[in-house]
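The structure comes first, followed by the notes on each.

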Amino acid sequence: MIRKCQKRRSTLSHFQKKKKKKTFAQNFEFPQTMAIAATIGRYRSQRKEYVKGKYFTELALDLSKRYYRNGDPCLQLQLASMFDYFPISTGQADSAVNALNFYAEDLLSREWSINEEYLSANTPGAASDPFVHCMLSIFSLSFYYRADTTATASRNYQLASRAWPSLANYKAPHVTEYEHRSIPNTCESRKIKLGVISGVISEGHSVSEDFGGVLQRLDRNYFDVTYIHLFETGSPDIANFTQRHPTDKRLVWTKQPTDQGNGAWILRWGMEVAAMELDMILFLDLTMSTFARRMGMMRLAPVQLNTHGHPITSGHDASVINYFVSWAEAELPIEQSQAHYTEELRLIPHGKLHQYYEPRTLPGDRSRMNGQPFGHLTRDDFDLPADVSLYLCMQKPFKLHPEFDPLVCGVLHKDPHGYAVLHKGKLSVNLVSCRINIHFFLICV
Amino acid sequence: MLRAKAYTIGEDSPEYLDTWPNILALDPTNLEAHVMLGWKLLTSSNSALQEYGIALLEDSFDEKKVSPTIVSCRFQK
């Protein structure tokens, strides 16, 4: 049956070649039914419609069991990385994580592999990037406050390693050499070659804003810095702060139109980084960009660090991403906070800021980001009353999970005339408002 | 007639996108029209049409919308 399935492309054109006497229903084959269900599932997941996405992906997985003994592994990877992006309650959030972990544990308990060439040739939408097609983003995990983040992220990494062993097994030659040194000590004879790799180190991005001040101030007598912007989405322009030191190297890499059918370009980039023989790589955001996430699966420098550009563990094995650099003021005591990371946690000490803060406003009440004046704006411009307290939460609404509701509700309960002002979003803001209203009526009133 | 025409003109013809909706208008429960039109619209650069294509494909699994459904028809075989 598998051979029969492999021969067919995921097109419906073969219907036209069937004998005319058969009805459409009789002509329909399981591979196409599976492909349609899988396509709907992936489309809905992409649009963050969890219920439909999960329903159709599970349906496709069930249908795929006719051809794969345990079902199509790519579909299972999707289910093992599918978060409910807008859970209506903590119970719903817990269910989503439980479902995801069920599929992850099931996959990790047996043998399987991903054939990128076959997947690209037979699965609609997979050819552009099979990794992205099968592994959904782990970004949302950071909002699941009740989940076992470390275990969930670790399983996600283990699945990716199993599916893409060429990345997980890659080790730069100089890393092997470094590991075999009896006394590794590079600092005495030369500068530390530091690579800073990010998927979002573009001008104005919050990650650039957060780290730009510190990175500019690293002592160039000790550090030889190379910035690598892996442009996947957003802006291709690397942030201006990277230009401050003429000796710093600045690279922008992106997927080329010819990079189709497999993720070979990631390995190609990895080899380019390996050729730089960096001593240390600082990944600013391993759980945001899929390019960065994949780069972080390889051992490209003797010391590799993750940090709080997206403040959540990578889930990568500590032998690959060795350290997570966080800020003591934002963490529980080390013996507790370490449990939230697969990496070894290193903290910027208490009492020290984690960044060099640069105001985002300019003299004359103008925005540093776009130069727009704002000093003339009043509450009237936002239809807000003048004589009430305003409680602003300018996080994007999709980041406001159900745990947020009783918090804002509690504030408004203590200040009945107060206003909670939230960031406007496309879809999720309605859900957040709805949830808060429900809380308000159930608890506050 | 319309069905035969749809298969004759080929997927790349603009007429293809006119014919299947006509079939669907005559019989809103027609599974074949749901699948053929839905699949074709998936490749549309117009996001609204793409969404409509997905909705048609979703309906092909829903026994309240089509009869037989894309899954049940196979099990009946």
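## Helix pair in chain B

In this predicted model, helix α2 (residues 16-26) and helix α3 (residues 31-42) of chain B have axes that come within 9 Å and cross at roughly 150°. The crossing of α2(B) past α3(B) is left-handed.

On the α2(B) side, the contact is formed by Y16(B), L17(B), W20(B), P21(B), I23(B) and L24(B). From α3(B), the contributing residues are E32(B), A33(B), H34(B), M36(B), L37(B), K40(B) and L41(B). Sorted by class, the contact between α2(B) and α3(B) comprises 10 nonpolar residues, one polar residue and two charged residues.

## Position and burial of T290(A)

In chain A, T290(A) lies in helix α14, which spans residues 290-295. Is T290(A) buried or exposed? T290(A) counts as buried because its relative accessibility is 16%, and the cut-off for buried is under 20%.

## Contacts of T290(A)

Apart from neighbours within four places in sequence, the residues in contact with T290(A) are F131(A), V132(A) and E232(A). With E232(A), the T290(A) side chain also makes a side-chain polar contact of 2.5 Å.

A polar contact of 2.8 Å links the side chain of T290(A) to that of R294(A).

Terms used: Residues are numbered from 1 along each chain as its sequence is written. Chains are lettered from A and ligands numbered from 1 in the order in which they are written. This is a predicted model: local features need pLDDT of at least 70, side-chain atom pairs count only at pLDDT 80 or more; totals for chains, interfaces and linings use all residues. Side-chain values use heavy atoms; hydrogens and water are left out. Helices (H or I, at least four residues) and strands (E, at least two) are DSSP runs, numbered from the N terminus. Buried means under 20% relative accessible area, exposed over 50%, partly exposed in between (1.4 Å probe, protein chains only). Contact means heavy atoms within 4.5 Å. A polar contact is a pair of N or O atoms within 3.5 Å; within protein, one must be able to donate a hydrogen and the other to accept it, and residues adjacent in sequence count only if both atoms are side-chain atoms. Axes are lines fitted to C-alpha atoms, for helices over the stretch in contact, and angles run from 0 to 180 degrees between N-to-C directions. A crossing is left-handed if the near helix is turned anticlockwise from the far one by less than a right angle, and right-handed if clockwise. Ala, Val, Leu, Ile, Met, Phe, Trp, Tyr, Cys and Pro count as nonpolar, Asp, Glu, Lys and Arg as charged, and the others, Gly among them, as polar.
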